Amino acid sequence: FVINRADRIRVNSNEVFNQIRKQGVLENKIRLVFLRIDLSQFNPNLSTSDVDKPMINIGYIGRLVEGKGLKDLLFAIANLNFQFSIFNFQLLIFGEGPLEEKLKKMARDLDIENKLEWRGFVPYNKVPGALSQIDIFVYPSWHEGFGRAIMEALAMKKAVVATNVGGISDLIRDNENGFLVEPNNSEMLAEKIKILMENKELREKFGKAGRKWVAKNFEWNDGIKNFA
């Protein structure tokens with residue numbers, strides 16, 4: 001009802017653009033304006049992380065809710081620990097939500113409690129600092145309009161593994177600035193994480209390409225001009 005009576009509809013990803021168009025809305029009413037990021041705030045040069053540390057930090061930042069693929073992530077961690085026998089890593093989870101206690105129980109059942117650190121809620125101005133502690137950012141969501149957290153991780157030059165759903169493909173170019181995996185596929189998720197864990201050069205390559213992609217397409221001032 002609202003969409004059909006609006007003069008303009010702003011969407012934040014190609015996926016949502018196509019969803020709106022399929023509902024019969026004329027294309028000349030739809031405006032694709034991506035979310036934007038302040039690159040001075042999300043600046044990897046301000047990071048104080050120890051890049052030569054022996055422990056590799058896998059990380060997730062976001063709500064702990066159904067649909068974010070967090071159970072898939074825990075299964076992937078179990079695969080890395082037991083199937084692939086990789087031990088020099090930990091998973092940092094920044095966020096809170098109704099799924100937290102279930103996820104903690106799942107971690108106990110999978111015997112991976114010692115691989116997880118629950119960091120809790122992070123205010124927005126602390127997100128760059130949280131990302132600076134992460135080597136591989138993982139976002140295994142089952143559905144996503146855009147994926148702001150991925151954009152922020154790319155800006156911080158982090159290697160990313162994310163699911164190929166919704167607007168995430170606007171952010172991740174598979175094998176160029178990150179890896180895309182199928183949703184609800186913990187085995188594939190573990191395999192891609194393992195590749196990045198074992199290849200520091202590839203992590204750095206993805207990180208540089210990610211920062212460049214974000215600066216070109218999602219920079220704050222250009223985004224504001226497009227929105228206006």
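Reader: Before we start, what should I know about the model and its numbering?

Author: The model is predicted, so local features need pLDDT of at least 70 and side-chain atom pairs count only at pLDDT 80 or more, while totals for chains, interfaces and linings use all residues. Residues are numbered from 1 along each chain as its sequence is written, and side-chain values use heavy atoms, with hydrogens and water left out.

Reader: Welcome news! In what order do the six strands of the open sheet lie?

Author: In general, strands of a sheet pair through backbone hydrogen bonds, either parallel or antiparallel. Here two strands pair if DSSP finds at least two bridges between them; strands (E, at least two residues) and helices (H or I, at least four) are DSSP runs, numbered from the N terminus. The order is β5-β4-β3-β6-β7-β8, with parallel pairing. β5 (116-120) and β8 stand at the edges with a single partner strand each, so one side of each has no neighbour in the sheet. On average, neighbouring strands are turned by 20 degrees against each other, direction ignored.

Reader: How many bridges join β3 to β4?

Author: Six bridges join β3 (residues 56-61) to β4 (residues 89-94).

Reader: Which strands does α3 lie across?

Author: α3 lies across β3, β4, β5 and β6 (136-139), and runs at about 165 degrees to β4. Such angles run from 0 to 180 degrees between N-to-C directions, with axes fitted as lines to C-alpha atoms, for helices over the stretch in contact. Another helix, α7, lies across β3, β4, β6, β7 and β8, at about 165 degrees to β8.

Reader: And how do I read the packing of α3 and α4?

Author: Two packed helices are described by the angle between their axes and the distance between the axes. The axes of α3 and α4 (residues 100-109) come within 10 Å and cross at roughly 20 degrees. The two helices are therefore roughly parallel to each other (under 35 degrees; over 145 is roughly antiparallel, 65 to 115 roughly perpendicular and the rest oblique). L70, K71, L74 and F75 of α3 make the contact with L103, M106 and A107 of α4, where contact means heavy atoms within 4.5 Å.

Reader: Is α6 buried or exposed?

Author: Buried means under 20% relative accessible area, exposed over 50%, and partly exposed in between, using a 1.4 Å probe and protein chains only. Seven of the eight residues of α6 (residues 148-155) are buried, so this helix is largely enclosed by the rest of the structure. Its cover includes β3, α5 (127-132), β6, β7 and α8 (200-217). After α6 comes K157, with a positive phi near 60 degrees.

Reader: Which residues have the most contacts inside the largest nonpolar core?

Author: A nonpolar core is a set of buried Ala, Val, Leu, Ile, Met, Phe, Trp, Tyr and Cys residues joined through side-chain atoms within 4.5 Å. The largest one has 65 residues, and F137 and I150 have the most contacts inside it. Helix α3 (residues 70-83) gives the most to this core, with seven residues. Leaving aside residues up to four places away in sequence, F137 touches several residues, including Y60, L131, I150 and V161.

Reader: Where is N175 found?

Author: N175 is in the loop between β7 (159-163) and β8 (179-181). N175 has a positive phi of about 70 degrees although it is not a glycine, and at 45% relative accessibility it counts as partly exposed.
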